Amino acid sequence: FKQKTAYEIMPSLVGSEMCIRDRTTYYLDPYHFGIVGIITVFSGIVTPLSSVGLVWVLGGNYFKISTRERAELIFNALVVNIILRTVWVLLLGIGAYFLLPLCIVSFKPQFILFFWLFLGAEWLNSLWEVVSYVIILQKRGGVFTLCEVFQTIIHLGVLSLCLVGLRLKTLSLVLANLGYALGGFIFSAVYIRRYIIKKINIHWIKESIKLTFPTIPQNLFNYLSQSLDRFFIERWNTLSQLGIYTHSLTYKKMFMIPIKAYSRTCSPTIIEIFSKSTEKETRVKIVRTFVRKWFGLLSIGGCGVVLFTREFLNLFTHGKFLKAYPLIIMWFILMQIYSFGLLYSQFFFAHKRMKFIILTEIIIGSIFWIIIAFLVKIYGIIGGGGGVIGYFFVLYSLRKWYALKLGCYNLDKNYFWISLGIMVGLLIFKVNMYPLETKISIWIIISILLTIFFKIVPFSKNIKRC
């Protein structure tokens with residue numbers, strides 16, 4: 001596979017997996033997804049507690065050292081990650097007997113078993129987290145995709161066996177997640193053995209620990225900012241309501257993958273604009289053209305989400321998750337917010353103004369913890385989604401305002417507001433309630449008009465230039 005496209009094969013995988021997982025709603029109810037949603041709030045803490053600094057160690061040293069030193073670095077990074085995850089898994093597993101009954105309103109004894117199995121999956125991810133970054137540094141996108149395909153096949157195989165063959169309920173979701181992690185562990189162990197030297201190096205151990213522990217507070221804070229909505233929903237609503245919310249996050253995951261492709265395509269050019277003094281105007285024009293066309297595609301996609309998601313949910317989830325419809329629209333709006341926020345975040349990265357990034361995340365995040373709790377208390381799952389949207393909108397708007405004040409180019413030209421306004425207009429006039437045939441005709445007409453307005457064609461040429 002080509003380097004630039006191999007990582008983007010994942011949308012088709014996630015889309016296929018999402019459709020198959022939606023079919024599992026024939027066997028499962030929102031309640032079962034709610035159990036998974038609340039338990040993963042606590043099991044997921046393992047990741048921010050253990051491993052983010054290791055990526056910095058690898059990225060900062062990989063191309064500066066010899067092949068032998070590189071092999072030692074990778075091995076020692078793996079050792080540190082495995083040890084840290086083992087410690088946190090054991091501590092959280094033991095603490096679960098006191099933590100879960102205290103924090104989960106709907107607690108049942110079997111939740112302890114589910115929690116341990118999710119912790120097992122977190123531990124198995126210890127290899128893939130390091131190995132996946134090594135693969136990226138090696139620029140071997142095909143290998144990366146091969147592992148994701150392998151994991152997805154195992155995940156869907158286990159899920160189908162447990163649901164259809166064994167007629168398990170919540171446990172099928174838990175075991176499928178464990179199977180996915182096990183697939184990554186096996187693939188990583190087989191692949192990385194050619195690129196490591198099994199030798200403990202105190203220098204790399206110290207370097208890994210030195211960069212890992214200072215990152216824990218910030219990354220734990222970021223994790224909590226994106227997980228407390230589920231905690232509040234379970235506390236003040238029901239597990240079934242949380243299940244609907246958790247199921248909608250599957251679509252959020254799918255929406256975020258194109259954002260990663262968008263980021264990988266334009267980030268290098270954007271950083272060049274902010275770092276170099278030559279040819280800036282030409283590069284700014286290229287990025288603005290790309291961004292205009294990107295928001296044109298988002299506008300067309302957003303119209304499709306507004307018009308057809310209700311039918312999609314009714315067909316694929318057997319009518320059990322129709323209440324997720326407004327949440328899915330919110331997650332698509334979040335995709336649009338990310339699209340303009342990314343542009344100005346790169347400005348601060350290029351100018352090494354990380355203090356501003358960290359401070360805004362902490363201050364705004366702390367305020368929105370309270371706001372999200374209030375919104376969930378009053379409006380339930382819709383309040384949770386709205387709170388998350390509000391947090392990222394305020395965060396990225398502040399970054400854009402300050403970046404422009406510091407002399408940054410206005411790269412998005414308010415295309416975000418146009419794209420958002422079109423979706424809101426369809427909702428205000430209740431076009432989403434029209435008959436399906438009428439909505440298809442409306443979407444085709446709108447798509448043609450937006451293609452002309454945003455000058456989308458030819459789009460591929462601009463991607464290649466970026």
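**Entry 1: a buried pair**

I looked up Glu 361 and Arg 399 and found that both residues are buried. I note here that the model is a predicted one. The two residues form a salt bridge, and I read 3.2 Å between the closest N and O atoms. Glu 361 belongs to helix α16 (residues 354-379) and Arg 399 to helix α17 (residues 381-405), so this pair ties together parts that are 38 residues apart in sequence.

**Entry 2: Asp 412 and Lys 400**

I stayed with helix α17 and turned to Lys 400, which lies in that helix. The side chain of Lys 400 meets that of Asp 412 in a salt bridge, at 3.0 Å from N to O. I found Asp 412 in the loop between α17 and α18 (415-428), 12 residues apart from Lys 400. Are these two buried or exposed? Asp 412 has a relative accessibility of 1%, so I put it down as buried, the limit being under 20%. Lys 400 has 12%, so by that limit it also counts as buried.

**Entry 3: Glu 129 and Arg 85**

Next I checked Glu 129, which forms a salt bridge with Arg 85. The closest N and O atoms of this pair are 2.5 Å apart. The pair links distant parts of the chain, with Glu 129 in helix α7 and Arg 85 in helix α6 (residues 67-103), 44 residues apart. I then looked up the accessibility of each partner. Glu 129 is partly exposed, with a relative accessible area of 22%. Arg 85 is buried, with a relative accessible area of 1%.

**Entry 4: the count and a network**

How many salt bridges are there? I get a count of eight. Salt bridges with shared partners join Arg 68, Glu 72 and Lys 199 into one network.

**Entry 5: helices α7 and α9**

I noted the crossing of α7 and α9 as left-handed. Which kinds of residues make up the contact of α7 with α9? I list 21 nonpolar residues, six polar and no charged.

Technical notes: Residues numbered from 1 in each chain as written. Predicted model: local features only at pLDDT ≥ 70, side-chain atom pairs only at ≥ 80, totals over all residues. Heavy atoms only, no water. Left-handed = near helix turned anticlockwise from the far one by under 90°. Helix = DSSP H or I, 4+ residues; strand = E, 2+ residues; numbered from the N terminus. Nonpolar A, V, L, I, M, F, W, Y, C, P; charged D, E, K, R; others polar. Salt bridge = Lys/Arg side-chain N within 4 Å of Asp/Glu carboxyl O. Buried < 20%, exposed > 50% of the residue type's maximum accessible area, 1.4 Å probe, protein only.
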